[in-house]
Amino acid sequence: PYNSDLVDKIVKDLADVKGAIPNNYQPLTIHSLQKQADFYLQSYLNCKNANNYFYSQQNDSKVQEVYGQLSTTIENLEKLGLEIHNATQFDDLGDTVIADYRNQVPLPGNLDPQSEDYADLQFWTQWYEIYPTLNLPIQRQLFSGPILNSILQMFQQKRAGSTPLNFAFYAGKETLLASLLSALNIMTPECLLENWRSQKAGKDVPNPNCNYPIFASNLIFEFYNDTANPYVMFKYNGAAMPICDGQTKCALNDFATYIQKITNGYDLNNFKKWCNANQTQSMGAPKSQIPSGYKFTTMDTVLLGIIAVLLVSLLVVAFKARNVKDEENENTNDNENYTQLQLKIDA
């Protein structure tokens, strides 16, 4: 399906390029949804009833307290010509600086990535990214519930022999990973703050597993089904993490109880009820074909209508293209071939 010689050449050319993933590999999305319809990987954006929690914590007393403790760092950054007028702008600056550093781009203000100011800025950006979103137990339960219960269901189906699925891969933003890590009590706003304060005091971090998901971070849930006592393991960036009240190997039944506990039963259906989400589309395991007895919904009809309009529009464009002057025919034919190729791919 690909030219191996060409791939080898590309990899060779990237040999000296540093990236978050070796050879700058970037996984390609196979199935994707608009964020309004994505209740698994972007649940934190699809719960209107939870927005008040975010807004009430975005600039609360805790934010002001921590922001005030960074006043010296803010002054040092301003001396480098960087503007910081509030907590949100401080966060935006950190987001830019971290991305530039990971992409080997000179940092704003020539900030030294090995400096204490950089470390403070990175802490603030990571902490402030999740504090308003994941500070409360209800937020962690809601935003992790749909995907964690879906993972549990996949494992239970595999145990029962009712699914041929052996591997599922999801790609999302670090906020998704942070939601799961917070629900699993591995990385929370509290432990990030506690670790930072200990480091500032010259002490060892009290929570070594509490690390914000940086570029190319990954979470892996493994289900071992080849024994009389099936169990689950959870790995964060390759390291096994304690779940199920401190166990790295969690029996499947215990895992089910654990997921029920940390999500408070907020599976996809209960998430929608609590959040008053009226969207009917949801993510599921990819299907190779339309199941027998499938009934087209209103959304299906609308999508088919849109496709029909696009096809008619393309036919009109193609028809008009035939009437251009002869000297433009060569370019026109190239455009028509490209359009047809796109249609075949989409189909």
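User: Hi! What covers the buried residues of α5?
Analyst: Hello! In this predicted model, the cover over the buried residues of α5 includes α3 (61–69), α4 (71–79) and α6 (116–134).

User: Which residues of α5 are buried, then?
Analyst: They are Ala87, Phe90, Asp91, Leu93, Gly94, Val97, Ile98 and Asp100. A handy thing to know: an α-helix has 3.6 residues a turn, so residues three or four places apart point the same way.

User: Nice. How many residues does α5 have, and what does it span?
Analyst: Helix α5 runs over residues 87–102, which is 16 residues. From first C-alpha to last it reaches 23 Å, close to the expected 22 Å.

User: And what caps the N-terminal end of α5?
Analyst: That's asparagine 86. One of its side-chain oxygens sits 3.2 Å from the backbone nitrogen of threonine 88. Just after α5, glutamine 104 has a positive phi of about 55°.

User: New topic: how many aromatic pairs are there in the whole structure?
Analyst: A search finds 17. Among them, phenylalanine 155 and phenylalanine 223 are stacked, with 5.2 Å centre to centre and 20° between the planes.

User: Where do phenylalanine 155 and phenylalanine 223 lie?
Analyst: Phenylalanine 155 is in helix α7 (residues 137–160) and phenylalanine 223 in strand β1 (residues 219–224), so their pair ties together parts 68 residues apart in sequence.

User: Are those two buried or exposed?
Analyst: Phenylalanine 155 is buried, at 11% relative accessible area, and phenylalanine 223 is buried as well, at 17%.

User: Which residues do ring pairs link into a cluster?
Analyst: Tyr67, Phe90, Phe123, Trp124, Trp127, Tyr128, Tyr131 and Trp196.

Key:
Residues numbered from 1 in each chain as written. Predicted model: local features only at pLDDT ≥ 70, side-chain atom pairs only at ≥ 80, totals over all residues. Heavy atoms only, no water. Helix = DSSP H or I, 4+ residues; strand = E, 2+ residues; numbered from the N terminus. Expected span 1.5 Å × (residues − 1). Buried < 20%, exposed > 50% of the residue type's maximum accessible area, 1.4 Å probe, protein only. Contact = heavy atoms within 4.5 Å. Polar contact = N/O pair within 3.5 Å; in protein donor to acceptor, adjacent residues only side chain to side chain. Phe/Tyr/Trp six-rings, centres within 6.5 Å; stacked < 30°, edge-to-face > 60°.
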